Amino acid sequence: MLEVFIFATLNGLVTGLLLFMLASGLTLIFSMMGVLNFAHASFYMLGAYFAFSISQYIGFWAGLIFAPLIVGVLGALVERYGLRRVHKSGHVAELVFTFGLAFLIEEIIQFVWGRDTKNYQYPDLLDFPLFTLFGQEFSAYRGFMIAISIGIFICLYRVLTKSRIGIIIQAAITHPNTVANLGHNVPLVFMGVFGVGTALAGLAGVIAGPVLTTFPGMAAVLGSIVFVIVVIGGLGSLAGAFIASLLIGLLQSYAIASDVGMADFLNLIGVSFERSHPLNDLWTLTLPQVAPILPYLLLVLVLVFRPTGLLGKREE
Amino acid sequence: MSIILSLNNVRKNFGATEIIRGVSLDIKRGEKHAIIGPNGAGKSTLYHLISGRHNVTSGTIKFKDKEIQNKPPFEIARLGLARSFQVTNIFPRLNVFENIRCALLWSNDYRYSFWHLLGKQTELNEKAMHVLEQIGLKDKALYPSGELAYAQQRALELGIAVASDAELIMLDEPVAGMSHSEAENAVELIKRITQGKTLIMVEHDMNIVFDVADRISVLVYGELIATDEPKNIRANQKVQEAYLGEVATSA
Amino acid sequence: MGLIKKLSVWIGYLVALLVAPLFFDSILAISILNQMTIAIIFALSYNMLLGQGGMLSFGHAVYFGLGGFLAVHALILIEHETVFFSITFIPAIGGIIGLLAAVFIGSFSTRKAGTVFAMISLGIGELVASSSLIFSDFFGGEAGISGDRTFGPLFFGFDFAQNIEIYYLSAVWVFIATIFMYLFTQTPAGRMANAVRENPERAEFIGYSARKVRFISFCASGLFAGIAGGLFALNYEFITEENLNAITSGRVLLMAYIGGLGYFIGPIIGAVILTLMNSLLSNYSELWMLYLGIMFLLTVMFLPKGFAGFIMMHQTAWVKGSLKQLAVPYLITGIPALLFSTACVAIIEMSASEEEVFHYLGMELNPHSIFTWVIAIIIVVASFYATRRSLLQLANAWESANEIPDSKDSES
Amino acid sequence: MKIRIFSSKINILLLTGLITLGSTSQAQEPVRIAFMDPLSGTFASIGNSGLKLLQFAADYLYNSKGGILGGRMIEIVPLDNKQSPTETQLQFRRAISDDLRIIFQGNSSAVANTLSTTISRHNRRNPDQEVLQINYSAVDPILTGDNCSFWHFRFDAHVIMKLNVLTDYIAENENIKSMYIIGQDYSFGHVVSETSIELLNEKRPDIEIVGNEFHPIGQVKDFTPYVTKIVSSGADAVITGNFGADMVSLARAIIDAGLDIPIYTFYAAYDGITATLGEDGKNRIRLVHNETSNPIPTEERKDFIRAFKEKNPNYDVTQPRITNALQMVVNAMEITQSTNPYDIAIALEDMRFVTMSGEEIWMRGSDHQAFQDLHVSVHTDEGVEFDADNSGYGLYSEYKVSAEDTIDETSCNMRRPRR
């Protein structure tokens, strides 16, 4: 049981930190610009595909550096020529715009790279087991993923708390309407934040591509979960996003690792049902079965009982 | 005269800061009551407490002998307490007529009806037109209210507050930001449409205050330091020190 | 607006609904018309939420789908003779279920509008869609459940075996539903929904609980979504999980948005356009989804009020009688713009094509020849330039056509 | 691609200008066959490779040799159902509208079920417009079991038949003492799980089922947590019915965890999967299927594959049963000299047909289920003459069960149209 617990924790960490890389950018964008960027996970997918193409010609490490940059520039362009134009039509228009963008990016990826799974591999350098515990290997690449994610978190934290631009951004997150009064070029800040946010998503795609499979549906798998995290964590709170990312990563991981089901619960209270019972599907439900939808349940519960999210300060 | 609104030791904290520090005040039915005080004295907060936007920290507020503190705004409004806002607060994409008609709906007992067709409610529509006439916006009836000029929006703001025929009307700086002549018209309008009703008003312009009010309360740093008739307030030493002194230093 | 004029719009709508299958009479056309009727009710019900009530929902398919599932179950019950009534009332069953679901979910989700409401609707949508796959006894898993509409008592001699019969049944339902949804906007509850959308706080100070106003709109919207679901069940005689998942929810958002949220007629236009595109475009190109995505983004960027808004933009010029001044400028811009998009499509199609010869608009192109590509690119560049250049004259023409101080009209 | 939407007059006006018809004036009207599968969207790659194969087979086998039925060409009309049951209904109506009476369809049992129900209903209501469903790939047993239909023919083995072969093969492996079953949480996944447990209990009662897991379809980001459970269960082998990205991700996670156990599958090849698994999957991944990919027994079939690869270098012959189905349908047309679905159906019943690989297929009349040799193949690069995804890796047959040993009983109680 111990090994299951340890590995479940590690897996939860890997997923959680990966989610945070997406959620951090989304929180910045969401809190400052009020844009629920539906296409955020699509930039993550673009990151993976660019990195795949670069790794075909130059190598994985070049992809690690250039792919996020390309994605960031694309993101900034989208903000400059798309979102900014839509901005004046209101938040719903912006949201619908990103919604359409997500759809379009998926189509473009299928058009350019095709619809099949891409053979995007991690570098040989990291192709060894970092350690073996109870007969299961923990690959060096997963260790690398954790390291990169934590590195990003530290960088982001330092930039936001120590640098001047970070302080402006923080002010913009908590008081989105007042930054313009500070005399800063708000459109430029928005473009920059959007670019950096999407670049972070791209980076997440680069490092997740080899382990989570690079295919046109990879954005859809993650898309709404990232939303869920940002909202559960609370608008305008990076710390909240961090906690929510880990929470959801671990929650899913533990839920899968567990073997608990409705049947166990019913046995506990001494009730049992025939297999032919009309609600058989309910009695045989197990926790691992529902693991991937737990975040949505959590989302609804959090919003009903605490509409500001876990650490949110703002109410929209 | 009976008491229509009664505040008893009302307190409000935001975090550690105490904004309203034990206000007790009785408003008589039918009087015109002004609340004055320096910026940041807590006048708007007091309004929000009475009208239900904020919850009180302690104390009671009675309107027509019913406790209304911490009740949601719509319940208070239904009892017959209407208010306007310092910052214009209308329904910008609805036209002027709709703004007023919406304000009339509840008091005319339409509640949440989805079986009345508004176009057929002749009496209601006439009432709405009458209010428009009173506030001088009849010719703008079909204009999107968000595109009105500032003074017209303030008039509409006032119209929404008084439309429901509430017994107690609370106006928050109704002439703020208006030119002199606009303000004069507005004051006339206020006098006209609050005839026979109880009025509470927050206003900075002392001329207007002394012109309109039967009694005046002075709020300083969350405390009422005086409530009296205008001529007594003018003479009141404490008011002179606290309020007019403040004005002097801030000027 | 006079009563006659108002009535004539409705009569026109009814006539259009009734005569459409006479002009479009192939099996495919009837099938598309049937789809449209469903889409129109569904999109209008969505607009009650977003357009009129200001509630952005990512889970509106839940009410559509649940209504549809119960409707199919009702069909099965009729087939097994457990209950006995005409299938013409099936949409009502869908509506009741949609309403019940909305009452339950709305009781906690309408407390706030904005992001909170949107995210709760997203969460509920995902939960219901996932649960529907888990509870396969009721929902039939990914294959869904199916019924047969030809059982039960005949309705004036019709057994509804043919799609055209279902179309006329749907047309009646659509007409009635549209009338009721329109009338709802004219009631105190409907008008207050607008007010709450605009300014929930002020609405509370004039005596209305914003939450309750939203709740009523939400329930009404659920009711009509359920009716649409019931019509779907009658039309297709089956329903699956995909009819209550995020894709369906997203599609109805697109319909309402592309059509134009601010106008009652907007969602109808959106439903017609999207249904047509969905059914027809996919036959001409595998890449139709790509074009759909591009078109959608362009609509959001350049027609923020949707197609209905675009049409309404011409109201002033029409009243003024200066609409024909715009015809020539529109052509001057339109022709190069059309050329530009055709050439772009040609380039996209050519790069996707693996064939030796590539048929395009009656031409046979060779995608492997540089010559073809050069020509295409020249056309793209030239037409783009021409379009840009012509925009100025269009703007000027627009100015002069709308010159008279516009008489601002209330939104409909 | 001729589409009739408007009434005929408007139709002519509009469409003559708009659409270039593929029909270069033929002396005789072509025999038109619909191919209905996902051609756009997430599942499009499998649909497109099927379409390429069907089109190629029609050209290579018939059209280039003067056509069928005395000179009529075969025209394949693609219909994109986006693997959605709703869209399938719409496309079905399009097919009727366009007078397409034979529909090839394979992907997703849910779609096949919908189509079968729709066709039965339609044929009952419109006896003059009957339609035939040629199912080349959907494996839900119910299609030739409880829900069998006179208008539906299946050319693939259904999942219980396949599992029978797979468990026979597993039973021979003495090293396997425990088994972990994982699958997508939908009907196919459940059938795989239930049947595997039942058959293994029967054939090798000593094999312990140490895990039986379902996960939501297409929603799992990372399979590592599942692999952790597999490792800690100490399983010696894994059975999974996963397909698409869920298959790749699962296999990759197992490999990444350093778990060296065999994985028994149904859909772990082609469409990028073989290339992605590459060296890591070698000798670990096995799948059960019909018609071996390597070694190919006959020159005739080798030529066919080579010609196909020459025309479509980026595609593979992924589903040979499409060719078999086409050949058998054409055979039925030739026998009856008719393209009427009813005549074809009657002729297909109990037809015995030898494929290009020299294997005999029997189409059982009582439930319209085809029987042919089934293979268990391994993912490898050794002895692979015809690889997949141009990756050098492919499938090599290790185990074969002959057609007569795959025959099972059927619960089909077919309602036949009265003639």
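The model is a predicted one.

**Contacts between chains**

- Chain A and chain B do not touch, and their nearest C-alpha atoms are 14 Å apart.
- Chain B and chain D are likewise without any contact; the closest C-alpha atoms of these two chains lie 35 Å apart.
- Chain D does meet chain A, with 32 residues of chain D in contact with 31 residues of chain A.
- On the chain D side, at least two residues each come from helix 2 (44-62), strand 7 (208-215), helix 7 (224-233), helix 8 (244-256) and helix 9 (273-277).
- Helix 7 of chain D gives the most to this side, namely seven residues.
- The side of chain D that touches chain A comprises twelve nonpolar, twelve polar and eight charged residues.

**Helix packing in chain C**

- Two packed helices are described by the angle between their axes and the distance between the axes.
- In chain C, the axes of helix 7 (residues 163-185) and helix 10 (residues 210-236) come within 11 Å and cross at roughly 175°.
- An angle over 145 degrees counts as roughly antiparallel, and helix 7 and helix 10 of chain C are therefore roughly antiparallel to each other.
- Helix 7 of chain C contributes C:Ile166, C:Ser170, C:Trp173, C:Ala177, C:Met181 and C:Phe184 to the contact. From helix 10 of chain C, these residues meet C:Ala220, C:Phe224, C:Ile227, C:Leu231, C:Leu234 and C:Asn235.
- By class, the residues of this contact are ten nonpolar, two polar and no charged.

**Helix packing in chain A**

- Helix 1 (residues 2-33) and helix 9 (residues 238-257) of chain A pack at an angle of about 145°, and their axes are 7 Å apart.
- The crossing of helix 1 of chain A with helix 9 of chain A is right-handed.
- This contact in chain A has 14 nonpolar, eleven polar and no charged residues.

**Helix 7 of chain D**

- Helix 7 of chain D is largely enclosed by the rest of the structure, because nine of its ten residues are buried.
- The buried residues are D:Thr224, D:Pro225, D:Tyr226, D:Val227, D:Thr228, D:Lys229, D:Ile230, D:Val231 and D:Ser232.
- Just after helix 7 of chain D, D:Gly234 adopts a positive phi of about 70°.

- Strand 11 (residues 352-354) pairs with strand 12 of chain D in the antiparallel sense over three bridges. One bridge pairs D:Val354 with D:Glu360 in strand 12.
- Strands 11 and 12 of chain D form a hairpin with five residues between them. In its turn, D:Gly358 has a positive phi of about 85°.
- Strand 12 of chain D also runs antiparallel to strand 13 (residues 370-371), to which two bridges join it. D:Met363 has D:Ala370 of strand 13 as its bridge partner.
- Strands 12 and 13 of chain D form a hairpin with six residues between them, and D:His368 in the turn has a positive phi of about 65°.
- In a regular strand the side chains alternate between the two faces of the sheet.
- Strand 12 (residues 360-363) of chain D has D:Ile361 and D:Met363 on a covered face, whereas D:Glu360 and D:Trp362 lie on an uncovered one.

Key
Residues are numbered from 1 along each chain as its sequence is written. Chains are lettered from A and ligands numbered from 1 in the order in which they are written. This is a predicted model: local features need pLDDT of at least 70, side-chain atom pairs count only at pLDDT 80 or more; totals for chains, interfaces and linings use all residues. Axes are lines fitted to C-alpha atoms, for helices over the stretch in contact, and angles run from 0 to 180 degrees between N-to-C directions. Helices (H or I, at least four residues) and strands (E, at least two) are DSSP runs, numbered from the N terminus. Angles under 35 degrees count as roughly parallel, over 145 as roughly antiparallel, 65 to 115 as roughly perpendicular and the rest as oblique. Two residues are in contact if their C-beta atoms, placed from the backbone, lie within 7 Å. Ala, Val, Leu, Ile, Met, Phe, Trp, Tyr, Cys and Pro count as nonpolar, Asp, Glu, Lys and Arg as charged, and the others, Gly among them, as polar. A crossing is left-handed if the near helix is turned anticlockwise from the far one by less than a right angle, and right-handed if clockwise. A residue is buried if 20 or more other C-beta atoms lie within 10 Å of its own, exposed if 12 or fewer, and partly exposed in between; C-beta atoms are placed from the backbone. Two strands pair if DSSP finds at least two bridges between them.
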